[in-house]
Amino acid sequence: MRQIVGAALVDSLVRPTRLLVARRTSPPQFAGMWEFPGGKVEPGETCEAALLRELAEELGIRAVLGAEVDGPGAQGWPLTAAAAMRVWLAEVEEGEPAPLQDHDELRWVRLEPADELEALPWIPADRPILTALRAGTAPAAT
Ligand SMILES: Nc1nc2c([nH]c(=O)n2[C@H]2C[C@H](O)[C@@H](COP(=O)(O)OP(=O)(O)OP(=O)(O)O)O2)c(=O)[nH]1
């Protein structure tokens, strides 16, 4: 199984209210769809190092990783029969995210209410991840 990593970049790891979403430019079947920035883990790389590298390359930022958005398998969330993605919450530490590579638009979208977030044409495999992310970042009831 090919290992993919993705970042749920939020405005604040302590009190997340917005998520940075990215619109892919390729391949044709994913162009125009929204996703978690990230990419493939290279041989010899840890997942965390791969994710920080991808965020630097794609968005031009240095990020800090928070908790993992745990998926159903050891390799995270299934994407296809041959690929799965682990996803971490993350926060920008340095830089301003820009669509440098693989994306033509970035958007900070409110997590709750999630109308705008859910209305975007996401890569379909990402939908269950979004649901888990929203459950995990919802403010605790008092
Ligand atoms: N980055 C990312 N990829 C996703 C998501 N959902 C999903 O199905 N994928 C798929 C699309 C791609 O087939 C694969 C990730 O590959 P990629 O093209 O982003 O990887 P990469 O940046 O390392 O690209 P490359 O070296 O092959 O050019 O996983 C997601 O939310 N984020």
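In what order do three strands form an open sheet, and is the pairing parallel or antiparallel? The order is β3-β2-β8, and the pairing is antiparallel. Two strands count as paired if DSSP finds at least two bridges between them; helices (H or I, at least four residues) and strands (E, at least two) are DSSP runs, numbered from the N terminus. This is a predicted model, in which local features need pLDDT of at least 70, side-chain atom pairs count only at pLDDT 80 or more, and totals for chains, interfaces and linings use all residues. Residues are numbered from 1 along each chain as its sequence is written.

**Chain overall**

- The chain holds three helices and eight strands, and from the N terminus on its elements run β-β-β-β-α-β-β-β-β-α-α.
- For 142 residues, a compact globule would have a radius of gyration near 14 Å, and the chain agrees with 14 Å; the radius is taken over C-alpha atoms, and the globule rule is 2.2 Å times the number of residues to the power 0.38.
- The C-alpha trace spans about 45 × 30 × 30 Å along its principal axes.
- Buried residues make up 31% of the 142. A residue is buried if 20 or more other C-beta atoms lie within 10 Å of its own, exposed if 12 or fewer, and partly exposed in between, with C-beta atoms placed from the backbone.
- Of the contacts with a separation of 6 or more, 66% are between residues 24 or more positions apart; a contact requires C-beta atoms, placed from the backbone, within 7 Å.

**The open sheet**

- Its edge strands are β3 (34–35) and β8 (103–110), each of which pairs on one side only.
- Strand β2 (residues 18–24) runs antiparallel to β8 and is joined to it by seven bridges.
- Arg24 stands opposite His103 in β8.

**Pairings of β7**

- β1 pairs with β7 in the parallel sense over eight bridges, and Ala8 has Leu89 in β7 as its bridge partner.
- β5 pairs with β7 in the antiparallel sense over six bridges, with Arg62 opposite Glu94 in β7.
- Strand β6 (residues 77–80) is antiparallel to β7 and joined to it by three bridges; Thr80 has Ala83 in β7 as its bridge partner.
- β6 and β7 form a hairpin, with two residues between them.

**Shell around the ligand**

- There are 16 residues around the ligand, and Glu35, Phe36, Gly38, Gly39 and Lys40 come nearest; a residue is near a molecule or strand if its C-beta atom, placed from the backbone, lies within 6 Å of it.
- Two or more residues of the shell come from each of β1 (2–9), β4 (38–40) and β7 (83–94).
- β4 gives the most, with three residues.

**Helix α1**

- Helix α1 (residues 47–59) has 13 residues and reaches 18 Å from its first C-alpha to its last, close to the 18 Å expected at 1.5 Å a residue; the expected span is 1.5 Å times one less than the number of residues.
- Ala50, Leu51, Leu52, Glu54, Leu55, Glu58 and Leu59 are its buried residues, and they pack against β1, β4, β5 (62–69), β7 and β8.

**Met1**

- Met1 lies in the segment before β1 and is partly exposed, with 14 other C-beta atoms within 10 Å.
- Leaving out residues up to four places away in sequence, Met1 touches Gln75, Ala82, Ala83 and Ala84.
- Met1 and Met85 are 84 residues apart in sequence and 9.9 Å apart in space, C-alpha to C-alpha.

Technical notes:
Contact = placed C-beta atoms within 7 Å.
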